[in-house]
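Trainee: I'd like to learn how to read a few features of a protein model. Can you walk me through them?

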Amino acid sequence: MASKTHIILVTLLSILSLLAYNSVYAQLSPNFYATTCPNLRTLVQNAMRQAVTREARMGASILRLFFHDCFVNGCDASILLDDTATFTGEKNAQPNLNSTRGFKVIDTIKTRVEASCNATVSCADILALAAREGVVLVSLNAREMTALSGGHTIGQARCSLFRTRIYNETNIDSNFDTTRKANCPATGGDSNLAPLDSLTSTRFDNNYYKDLVARRGLLHSDQQLFNNGSQDAVVRTYSNNNAAFASDFAAAMVKMSNLSPLTRTNGEIRRNCKVVN
């Protein structure tokens, strides 16, 4: 069963990762770069392996970068664009400012891909592939890989984002509350970090949902998923059933990847992901 689940998840993630910009047929295909850039996956894998080896948190950071890109007008890599005198983009918008990270990793991958396959692979596809490889690298094996655990199963959050939760809310475990306050004072320490998953913050698993059931959700928005509401039963199911969570999350990832991808002349293959050609 574990082996079958692993195969299904990897297949879905492969489909997700190639949001190919097809200027001829305007279609999405998981094999789009098979002939035009056959070393693409290897280039991305190697770069992501180096990045995650240097900092295990980077797998989560790249996945979050992909999420934030897709949820604003689709998966178009617009979050990678730098602001200019005449353009204000997503990179420094309030939800992303001093929060989204991993841009240099994407720049490194893009440079290597351009050297191998000039003006061929879109920045959106590079970001999606990097997110996929980040997930694989921190998942380790089929048993631990419960598919993508909502994005918050790995990574960390800044004190300024969860201070209100630990000081003002009551639906929180007292021991967890005390632990988090030790590193997040009522004033100051805004950039202090705490893991989003208190048990295994650098691995993909379903412990994030176990935290919610135990009232150990770090962010207000996290704990709202299990707070005597309509999603309590779903969260409890995921906390007890890896297979159910894996299936649902993989399907949601595929659906998200289809949010208005740019095709034909609606998009472009940026030579540098930080600027429009």
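Trainee: Which cysteine does a disulfide join to cysteine 70?

Mentor: Start with the general idea: a disulfide is a covalent bond between the sulfur atoms of two cysteines. The working rule is a pair of cysteine sulfur atoms within 2.5 Å. Here cysteine 70 is joined to cysteine 75, with 2.1 Å from S to S. A note on the source: this is a predicted model, where local features need pLDDT of at least 70, side-chain atom pairs count only at pLDDT 80 or more, and totals for chains, interfaces and linings use all residues. Residues are numbered from 1 along each chain as its sequence is written, and side-chain values use heavy atoms, with hydrogens and water left out.

Trainee: How many disulfides does a search of the whole structure find?

Mentor: The search finds 4. Counting bonded cysteines along the chain, they follow the pattern 1-4, 2-3, 5-8, 6-7.

Trainee: Is the link of cysteine 70 and cysteine 75 right-handed or left-handed?

Mentor: Right-handed, with 115° about the S-S bond. The link of cysteine 123 and cysteine 273 is left-handed, at -100°. Those two sulfurs are 2.3 Å apart.

Trainee: Which parts does the pair of cysteine 123 and cysteine 273 tie together?

Mentor: For this you need helices (H or I, at least four residues) and strands (E, at least two), which are DSSP runs numbered from the N terminus. Cysteine 123 lies in helix H5 (residues 123-139), while cysteine 273 sits in the segment after helix H11 (242-257), so the bond ties together parts 150 residues apart in sequence.

Trainee: What about cysteine 159 and cysteine 184, which form a disulfide?

Mentor: Their sulfur atoms are 1.9 Å apart, and the link is right-handed, with 75° about the S-S bond. Cysteine 159 is in helix H6 (residues 159-168) and cysteine 184 in the loop between helix H7 (174-181) and strand E2 (193-195), so this pair ties together parts 25 residues apart in sequence.

Trainee: Are cysteine 159 and cysteine 184 buried or exposed?

Mentor: Buried means under 20% relative accessible area, exposed over 50%, and partly exposed in between (1.4 Å probe, protein chains only). Both cysteine 159 and cysteine 184 are buried. Cysteine 70 is buried too, at 1%, and cysteine 75 counts as buried at 4%.

Trainee: Let's move on to rings. How many aromatic pairs does the structure hold?

Mentor: Rings of Phe, Tyr and Trp (its six-membered ring) pair if their centres lie within 6.5 Å; planes under 30 degrees apart count as stacked, over 60 as edge-to-face and the rest as tilted. The structure holds 5 such pairs. One of them is tyrosine 208 with tyrosine 209, edge-to-face at 4.9 Å centre to centre and 75° between the planes. Tyrosine 209 also pairs with tyrosine 238: their centres are 5.3 Å apart and their planes at 70°, so that pair is edge-to-face.

Trainee: Where do tyrosine 209 and tyrosine 238 lie?

Mentor: Tyrosine 209 is in helix H8 (residues 207-213) and tyrosine 238 in helix H10 (residues 232-240), so 29 residues separate these distant parts of the chain. Both are buried. Tyr208, Tyr209, Tyr238 and Phe245 form one aromatic cluster.

Trainee: And what is serine 239 in contact with?

Mentor: Contact means heavy atoms within 4.5 Å. Leaving aside neighbours within four places in sequence, serine 239 touches Asn206, Tyr209, Lys210 and Val213. Serine 239 is found in helix H10 and counts as buried at 7% relative accessibility.
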